Amino acid sequence: MNVDHDISGCRKCFYLRLFAVIFWTVALILLSLLPVTAPGLFLFKGQDKLLHFISYLLAAWLMCRSMQLFAVGVTKTVYISVFYCFTLGALLEVIQRTYI
């Protein structure tokens with residue numbers, strides 16, 4: 001078994017997962033802070049809440065997947081991911097209420 005190859009693959013996987021977390025975080029920030037100018041597509045009541053839930057669930061899942069490469073337990077990984085998403089959402093709410 002080639003150890004150098006395993007470490008290289010692990011590094012690539014880590015950077016790919018880290019890129020996914022950063023990309024999705026930037027997308028969430030931009031989509032949350034950009035003003036909506038076009039009339040929205042209304043499908044059902046509460047669709048915006050469902051969209052927010054799915055968006056932050058994806059962010060938490062990406063964070064959990066990127067942290068799996070560290071020697072961190074599952075419970076700690078979930079706590080850190082939920083804390084990350086909660087903090088991001090709270091900061092975006094404060095920014096939206098203050099500046100937008």
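Rings of Phe, Tyr and Trp (its six-membered ring) pair if their centres lie within 6.5 Å; planes under 30 degrees apart count as stacked, over 60 as edge-to-face and the rest as tilted. The structure above is a predicted model, in which local features need pLDDT of at least 70 and side-chain atom pairs count only at pLDDT 80 or more, while totals for chains, interfaces and linings use all residues. Residues are numbered from 1 along each chain as its sequence is written, and side-chain values use heavy atoms, with hydrogens and water left out.

**Stop 1: colour by confidence.** pLDDT is the predictor's confidence in each residue, from 0 to 100. The protein averages 82, and 85% of the residues score at least 70. Confidence is lowest in H1, with a mean of 80, and highest in H3, at 91. Now select residues 1–5: their pLDDT is below 50, and this stretch has one contact beyond near neighbours in sequence (contact means heavy atoms within 4.5 Å). Where pLDDT is low, the predicted coordinates should not be read in detail.

**Stop 2: the aromatic rings.** The structure holds two aromatic pairs. Select phenylalanine 19 and phenylalanine 23: their ring centres are 6.1 Å apart and their planes are at 25°, so this pair is stacked. Both residues lie in helix H1 (residues 3–33), four residues apart, about one turn of the helix. Helices here (H or I, at least four residues) are DSSP runs, numbered from the N terminus. Phenylalanine 19 is exposed, with a relative accessible area of 55%. Buried means under 20% relative accessible area, exposed over 50%, and partly exposed in between (1.4 Å probe, protein chains only).

**Stop 3: helix H2.** The 21 residues of H2 should span 30 Å, and the end C-alpha atoms are 30 Å apart, which agrees; the expected span is 1.5 Å times one less than the number of residues. The buried residues of H2 include Ser55, Leu62, Met63 and Met67.

**Stop 4: the core.** Select Leu28, Tyr56, Ala59, Ala60, Cys85, Leu88 and Leu92, the seven residues of the largest nonpolar core. Such a core is a set of buried Ala, Val, Leu, Ile, Met, Phe, Trp, Tyr and Cys residues joined through side-chain atoms within 4.5 Å. Helix H2 (47–67) and helix H3 (74–99) each give two or more residues to this core. Not counting residues up to four places away in sequence, leucine 92 touches Leu28, Ile29, Ser32, Leu33 and Tyr56.

**Stop 5: the cysteines.** The structure holds zero disulfides, a disulfide being a pair of cysteine sulfur atoms within 2.5 Å. For cysteine 85, the nearest cysteine sulfur is that of cysteine 64, 8.3 Å away. Cysteine 85 is buried, at 8% relative accessibility, whereas cysteine 13 is partly exposed, at 26%.
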